[in-house]
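Dear colleague,

Please find below the structure I am handing over to you.

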Amino acid sequence: MSVYADTGDDEVLLARAAYDKKNSFALADSVNRLKDMQHVLAPYAEYWLMLLSLDDVSQANVSEFLTRYDGYPFADRFRGEWLKKLAKQQNWAAFLDIYPQYQLQDPAITCYAAEANAAVNDGKTLESAKVLWFQAKEQPTNCNVLFDKMQAAHVITEEDLVARFRMALAENRVALAKGIAKRSPAGDAALQKQIDAVNASPSKTIAKKTANQKTAYGKELYLYALNQLARTDSAQALSAFKKIEGLFNAEQKSYFYGRLALLAAQRHEPEAYQWFRLAENTALTRDQLDWYARAALRQTNWDGLLEVVAMMPTEQSDEATWRYWKARALKVQNQMLEANGLFAALSTERHFYGWLAQEELEASMRAQPIEYVPDDIAVNAFAKLAPVLRAEALQRLAFRWEAKLEWTVATDNLSDEQLIVAAEYAARNKWYDLAVITADQTKEVHNFNLRYPTPYRDLMKDAASEQNVDEAWVYGIIRQESRFMHYAKSGVGASGLMQIMPATAKWVANKVGWSDYNHGMLHDLDTNISLGTYYMRYTADQFNGQETMATAAYNAGPSRAKKWMGNIPLEGAIYAETIPFSETRNYVKKVMANAHMYTQRLGLVSIPLKKRLGVIPAKNSSELDSNLNSNE
């Protein structure tokens with residue numbers, strides 16, 4: 001880096017420090033100096049100054065700023081802050097003039113927009129805002145003003161209050177439920193106390209029938225009490241339901257069975273499928289339909305699986321997950337023409353289900369990918385694009401979040417070939433995370449060297465050999481954990497290439513006798529890989545080398561991985577598909593797909609993905625039990 005660049009970068013850091021301290025005078029000086037230097041990040045300093053000056057700038061200043069920096073990632077963020085100011089001033093005309101250009105998703109601004117439309121159109125557009133009401137989570141505070149107007153206009157009815165009350169309680173959002181109840185004439189102090197009582201002791205509420213049995217809210221509280229019991233004990237919930245079943249109408253009974261079935265399915269209880277069938281008089285949520293299908297899958301009830309997939313909205317049934325399992329079910333029924341049609345379409349998609357679909361087809365039927373390798377001319381041309389230059393400067397200053405936003409601008413609406421050019425540029429700069437993310441976006445033309453890079457090969461090979469674990473599996477874990485960025489750190493404290501938790505790192509260090517280990521070593525490449533591969537070996541040993549279970553254990557812990565086993569042996573793909581935690585479920589599928597591809601990239605002995613996933617032994621496997629007991 002040149003002295004000139006160093007000087008300019010230091011000024012950017014000074015500008016950011018002035019912004020953080022809300023020192024607009026120092027920031028204004030930095031803005032002027034950066035403009036004089038024509039530094040590529042001068043617009044960012046000006047953006048920070050505009051944020052500090054929000055109370056003083058005029059509409060004309062804002063319009064000029066947004067016009068000048070249209071296309072910059074920060075433009076819409078500033079537009080959002082300006083919209084909030086206009087909304088607080090109830091300057092609805094100006095708000096509606098700017099709002100159509102706003103592209104981000106901010107619920108507060110969405111509520112303001114509905115309020116603005118209602119103000120300009122005499123409340124006639126309030127009906128379209130009901131989607132904001134039917135949410136099972138708290139909305140921003142300003143949305144309450146909108147909801148007040150909707151309720152006053154009878155757009156939100158008493159039935160709508162009860163419906164959202166149910167939604168909130170189903171997600172255990174008691175404070176939200178209490179707030180919703182307050183909007184009802186029935187939401188008196190007595191109801192508030194009943195909500196607290198049910199939350200404190202659902203079984204006592206049912207046994208003593210302490211909630212009101214005649215009101216809609218009271219009946220919802222009994223359903224909530226049953227739901228709370230069902231979270232931990234299906235039999236207890238079902239027994240309690242039988243005692244008060246007469247309180248409920250057909251829809252409410254079906255709602256209970258739908259909730260019971262969902263929670264039971266996530267615990268892999270075999271009765272879950274039949275309970276779902278008893279929920280015929282209520283609308284099942286997307287999550288419930290997913291678990292209805294998984295309950296059928298867990299029992300290899302292929303006929304039932306087809307019935308559930310047919311019940312799904314098209315958007316849901318068209319997901320790769322359910323297209324693949326539908327094809328598997330059709331294959332079992334010997335409906336090969338339709339099954340192979342689904343497999344063939346999936347085989348063109350480059351992901352877990354795409355690889356599995358390929359293996360279901362004869363070799364001659366598999367879609368062969370088109371590969372593209374960019375040349376230096378294309379890469380150098382991409383490097384000169386303005387957002388790329390800004391991303392490079394932001395990366396240099398470790399403003400990684402802002403750099404990723406610029407990268408998104410640079411790679412928006414590119415063709416497959418252009419995405420591969422961008423990924424190549426990122427790889428050359430060792431921005432492996434951006435290279436992988438970008439190369440992963442291609443649809444028909446691909447570059448698997450960029451999708452599945454192999455940095456730090458010597459370290460990986462040595463560590464994998466030392467721990468006797470599959471090197472492709474190690475790469476598969478790291479690609480999913482950190483995208484090869486050694487500085488990666490998760491929100492829960494996992495660090496480095498292999499995203500190791502501090503407690504796990506300390507435990508491994510003690511195991512291998514590293515008396516001088518300290519937490520600061522976790523970002524050292526060699527140390528991180530050594531610790532991570534040791535833990536991979538540890539999890540694999542507990543499951544007799546079963547990589548699918550070991551991968552689940554790496555993410556969620558060995559005891560959970562064991563808990564998710566079936567009473568009978570399970571196909572590895574079914575085990576992965578029915579993991580209750582969405583994070584771990586997706587993690588396992590992606591890691592195993594990664595390992596499948598890395599086997600080819602590393603020139604190792606290739607095995608089919610279905611074989612790699614293997615068969616998960618039954619819970620009563622004595623050899624597995626003894627292995628776990630000796631290690632836990």
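**Findings from the predicted model**

The model is a prediction. Its pLDDT averages 94 over the protein, and 96% of the residues score at least 70. Where pLDDT is low, the predicted coordinates should not be read in detail.

Turning to covalent links, the count comes to one disulfide. The bond joins Cys-111 to Cys-143, with an S to S distance of 2.0 Å. The link of Cys-111 and Cys-143 is right-handed, with 100° about the S-S bond. Cys-111 belongs to helix α7 (residues 107-120) and Cys-143 to helix α9 (residues 143-152), so the pair ties together parts that are 32 residues apart in sequence.

As for helix packing, α27 (residues 416-428) and α28 (residues 432-439) pack with their axes 7 Å apart and at an angle of about 165°. Angles over 145 degrees count as roughly antiparallel, and α27 and α28 are therefore roughly antiparallel to each other. The crossing of α27 and α28 is left-handed.

On the α27 side, Leu-419, Ala-422, Ala-423, Ala-426 and Ala-427 take part in the contact; they meet Tyr-432, Leu-434, Ala-435, Thr-438 and Ala-439 in α28. By class, the contact of α27 with α28 has nine nonpolar residues, one polar residue and no charged residues.

Yours sincerely

Definitions and conventions:
Residues numbered from 1 in each chain as written. Predicted model: local features only at pLDDT ≥ 70, side-chain atom pairs only at ≥ 80, totals over all residues. Heavy atoms only, no water. Axes fitted to C-alpha atoms, helices over the stretch in contact; angles between N-to-C directions. Helix = DSSP H or I, 4+ residues; strand = E, 2+ residues; numbered from the N terminus. Parallel < 35°, antiparallel > 145°, perpendicular 65-115°, else oblique. Left-handed = near helix turned anticlockwise from the far one by under 90°. Contact = heavy atoms within 4.5 Å. Nonpolar A, V, L, I, M, F, W, Y, C, P; charged D, E, K, R; others polar. pLDDT = per-residue confidence, 0-100. Disulfide = S-S within 2.5 Å.
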